[in-house]
Amino acid sequence: MAETSAEAGTGDKPVSEFTRRPISVTIVAHNEAERIGACIDSVSWADEIIVVDAGSSDDTQEISRKRGALLIQHFWEGFAAQKNFALSKASHSWILSLDADECVSPELSEEILSVLSGDAPAEGYRIPRKNIYFGRWLRHGDLWPDYQLRLFRRDAGAFNEKSVHESVVVGGRVGVLSSPLEHYSYESLFDFFQRQVKYARLSAEDLSSSGVQPGIADFVIRPLWRFFKSYVLKMGLRDGVRGLWVSVGSAYYVFMRAAFLWELCRGRERS
């Protein structure tokens with residue numbers, strides 16, 4: 001990507017952007033035409049933008065190409081595998097991994113450029129994420145600050161092999177940034193609860209493969225506790241009806257995970 005003449009500084013010594021460490025931004029996508037453009041635009045300062053597309057049938061690929069991203073088509077292998085595949089195609093040692101429904105705020109862009117221009121960056125950085133559900137930023141409950149490790153050295157980190165809720169594991173020092181990553185997700189309640197079921201199923205498969213079996217607490221106590229923690233202890237109630245839906249959805253996810261795990265364990269016993 002074309003570099004600008006903007007400057008990023010560390011301490012009292014300004015450092016030209018041209019001297020900073022180069023960075024590759026990796027994005028995985030599938031039918032994200034409505035959001036991929038904003039995602040790519042938010043990191044137009046990057047040295048390389050890679051979009052790994054899993055066979056979109058909408059305009060995701062065309063939009064990505066027009067925005068100057070390197071488009072790679074790759075059959076969907078799962079969240080973690082797809083993101084690690086994207087990492088393997090990056091040209092630079094520093095990676096910023098994004099989902100197509102995320103945008104890097106201007107403040108975060110400046111902070112990342114400053115980190116890459118510093119003398120001794122950590123091997124990875126956790127970034128606070130603003131979750132914007134149903135058109136509004138949810139500031140409470142389990143959704144803020146929702147730190148995500150997304151900026152890291154490629155030779156020091158990779159995504160773990162979880163089927164869902166995958167995360168980057170870094171070998172080395174991890175720092176924390178203060179500026180937010182913006183996450184535009186769940187436009188409707190139908191989409192929200194539908195995906196809770198999908199993610200619960202994937203998580204149950206991971207647990208089943210590890211030999212875990214559900215108990216009565218997984219069906220009753222854990223869902224109730226998840227709701228109480230999100231809605232009351234973490235003040236999700238201050239987000240109004242949206243906070244209620246998210247807390248209920250979180251408890252529903254925990255219950256359905258246990259239900260799917262029970263079903264998988266029962267099937268394994270029969271076989």
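# Helix packing and buried residues in a predicted model

The axes of helix α7 (residues 221-233) and helix α8 (residues 240-270) come within 8 Å of each other and cross at roughly 155 degrees. That makes α7 roughly antiparallel to α8; angles under 35 degrees count as roughly parallel, over 145 as roughly antiparallel, 65 to 115 as roughly perpendicular and the rest as oblique. This is a predicted model, in which local features need pLDDT of at least 70 and side-chain atom pairs count only at pLDDT 80 or more, while totals for chains, interfaces and linings use all residues. Residues are numbered from 1 along each chain as its sequence is written, and side-chain values use heavy atoms, with hydrogens and water left out.

**Helix pairs**

- Helices (H or I, at least four residues) and strands (E, at least two) are DSSP runs, numbered from the N terminus.
- Axes are lines fitted to C-alpha atoms, for helices over the stretch in contact, and angles run from 0 to 180 degrees between N-to-C directions.
- The α7 and α8 crossing is right-handed; a crossing is right-handed if the near helix is turned clockwise from the far one by less than a right angle, and left-handed if anticlockwise.
- On the α7 side, the residues that meet α8 are Arg222, Pro223, Arg226, Phe227, Ser230 and Tyr231. Their partners in α8 include Gly243, Leu244, Ser247 and Val248. Contact means heavy atoms within 4.5 Å.
- By class, the contact of α7 with α8 has 9 nonpolar, 4 polar and 2 charged residues. Ala, Val, Leu, Ile, Met, Phe, Trp, Tyr, Cys and Pro count as nonpolar, Asp, Glu, Lys and Arg as charged, and the others, Gly among them, as polar.
- Helix α8 also packs against α5, at an angle of about 40 degrees and with the axes 7 Å apart. The two helices are therefore oblique to each other.
- The crossing of α5 and α8 is right-handed, and the residues of this contact divide into 17 nonpolar, 4 polar and 5 charged.

- Of the 11 residues in helix α4 (residues 106-116), 8 are buried. Buried means under 20% relative accessible area, exposed over 50%, and partly exposed in between (1.4 Å probe, protein chains only).
- Among the buried residues of α4 are Leu108, Glu111, Ile112 and Leu116.
- Ser179 lies in the loop between β14 (174-176) and β15. With a relative accessible area of 11%, Ser179 is buried.
- The side chain of Ser179 makes a polar contact of 2.8 Å with the side chain of Glu111. A polar contact is a pair of N or O atoms within 3.5 Å; within protein, one must be able to donate a hydrogen and the other to accept it, and residues adjacent in sequence count only if both atoms are side-chain atoms.
- The side chain of Ser179 also reaches the backbone oxygen of Glu107, at 3.5 Å.
- Not counting residues up to four places away in sequence, Ser179 touches Glu107, Leu108, Glu111, Ile127 and Pro128.

- His183 is in strand β15 (residues 181-185) and counts as buried at 7% relative accessibility.
- The side chains of His183 and Asn131 are joined by a polar contact of 2.7 Å.
- Beyond four places in sequence, the residues that His183 touches include Asp101, Glu102, Arg129 and Tyr133.
- Tyr133 is in strand β9 (residues 129-133) and is buried, with a relative accessible area of 7%.
- Leaving aside neighbours within four places in sequence, Tyr133 is in contact with residues including His183, Ser185, Tyr186 and Phe192.
- Tyr133 and Arg154 are 21 residues apart in sequence, and their C-alpha atoms are 31 Å apart in space.

- Tyr186 sits in the loop between β15 and α5 (189-209) and is buried, with a relative accessible area of 5%.
- A polar contact of 3.3 Å links the side chains of Tyr186 and Gln196.
- Tyr186 also touches Tyr133 and Phe134.
- Most residues other than glycine have a negative phi, and most peptide bonds are trans.
- Phi of Tyr186 is near 55 degrees, a positive value.
- Phe134, in the loop between β9 and β10, has a positive phi of about 55 degrees. At 14% relative accessibility, Phe134 counts as buried.
- The peptide bond between Trp144 and Pro145 is cis, with omega about 10 degrees. Pro145 lies in the loop between β10 (136-137) and β11 (148-153).
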